[in-house]
Amino acid sequence: MVLLGTLINAVLIVVGTLIGRALRNIPEKMKETVLYVIGLAVVVLGLQMGIESENFVVVIISLVFGAVIGEWIDLDKKLNSFGHWIEVKMGAKESKGSIAQGFVTATLIFVIGAMGIIGALESGLANEHGVLISKGLIDGFTSIILASTLGIGVLLAAIPVFVYQGLIALFATQISLLIPEAALDMFITEMSATGGVMIVAIGLNLMGVTKMRVANLLPGVLVVAIIVTVMFKLNLG
């Protein structure tokens, strides 16, 4: 089953969120400290991803142009609006904005990174799901922590994770035929580094240091793909 790894990943996010909600009644001071710790850990994770870039100029250009595109279409507002719409449908049982915040934050953390792409390709090409199952376990434990502080909105991140990784798995054969391995490796490296910078911003937001509209940086991933394609063709030329 090509989508098995993706399905397990999504289910583990849901399970982790439900466990995390069982821990939601921890004291406010403890919750605040835990949120700061999560923010610090996310910053360190982002830094580790960011320094893996082999050409940081690509990362900078991708983030700048991605930010321009994201602000133009106001992607952050659209994602938050979806979260608020879910709040209304659920009767707004969570505190105002918490479902939207949990959804956006968790989605960015779970979607950005190399494991999702590599694992989905392995699922599609070889029916091997080890990478996605490992990612699912990591996402599941992360969901427990996030849901205990950010709420049930974390559960909704399972939807974009399933769609994103599922599409890659389903079209893995076509991707491998259309994109040379060297170009794909370059894209994964620079995409992961670009995503790492976004994850640093998420961590700073969680700690209250900044109020950056991180979702508006997401088009930077597409810019990475364009730059890598151009660079690869120029190198071939």
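**A walk through the helices**

Let's start where helix 6 meets helix 7 (residues 130–150): their axes come within 8 Å and cross at roughly 140°. The axes here are lines fitted to C-alpha atoms, for helices over the stretch in contact, and the angles run from 0 to 180 degrees between N-to-C directions. Helix 6 brings Met115, Gly116, Gly119, Ala120, Glu122 and Ser123 to this contact, and helix 7 answers with Val131, Leu132, Ser134, Lys135 and Ile138. Contact means heavy atoms within 4.5 Å. Sorted by class, that makes 5 nonpolar, 4 polar and 2 charged residues, where Ala, Val, Leu, Ile, Met, Phe, Trp, Tyr, Cys and Pro count as nonpolar, Asp, Glu, Lys and Arg as charged, and the others, Gly among them, as polar.

A word on what you're looking at: this is a predicted model, in which local features need pLDDT of at least 70 and side-chain atom pairs count only at pLDDT 80 or more, while totals for chains, interfaces and linings use all residues. Residues are numbered from 1 along each chain as its sequence is written, and side-chain values use heavy atoms, with hydrogens and water left out. Helices are DSSP runs (H or I, at least four residues), numbered from the N terminus.

Buried means under 20% relative accessible area and exposed over 50%, with partly exposed in between (1.4 Å probe, protein chains only). Setting aside neighbours within four places in sequence, serine 123 is in contact with Val2, Glu128, His129, Leu132 and Ala169.

Now follow helix 7 along. Its 21 residues reach 29 Å from first C-alpha to last, close to the 30 Å expected at 1.5 Å a residue; the expected span is 1.5 Å times one less than the number of residues. Among its buried residues are Leu132, Lys135, Asp139 and Leu146. Just after helix 7, glycine 151 takes a positive phi of about 100°. That glycine is also one of the residues touched by leucine 146, along with Ile38, Ala106, Ile109, Phe110 and Val154, not counting residues up to four places away in sequence.

Leucine 146 leads us into the largest nonpolar core, which has 36 residues; Leu146 is among those with the most contacts inside it, as are Val42, Phe110, Val154, Ile202 and Leu206. Such a core is a set of buried Ala, Val, Leu, Ile, Met, Phe, Trp, Tyr and Cys residues joined through side-chain atoms within 4.5 Å. Several helices each supply at least two residues, including helix 3, helix 5 (98–111) and helix 10 (181–206), and helix 5 gives the most, with 8 residues. A second, separate core of 13 residues includes Leu121, Leu184, Phe187 and Val228.

What about helix 3 (residues 56–73)? Val58, Val59, Ser62, Leu63, Gly66 and Gly70 are buried there. They lie on the same side of helix 3 because they cover an arc of only 125° around the axis, taken from the directions from the helix axis to the C-beta atoms. On the other side, Phe65, Val68 and Trp72 are exposed. Just past this helix, aspartate 74 has a positive phi of about 55°.

We finish with alanine 215, in the loop between helix 10 and helix 11 (220–236). Though in a loop, alanine 215 is buried, with a relative accessible area of 0%. Beyond its neighbours within four places in sequence, alanine 215 is in contact with Leu75, Asp76, Leu79, Val104 and Leu108.
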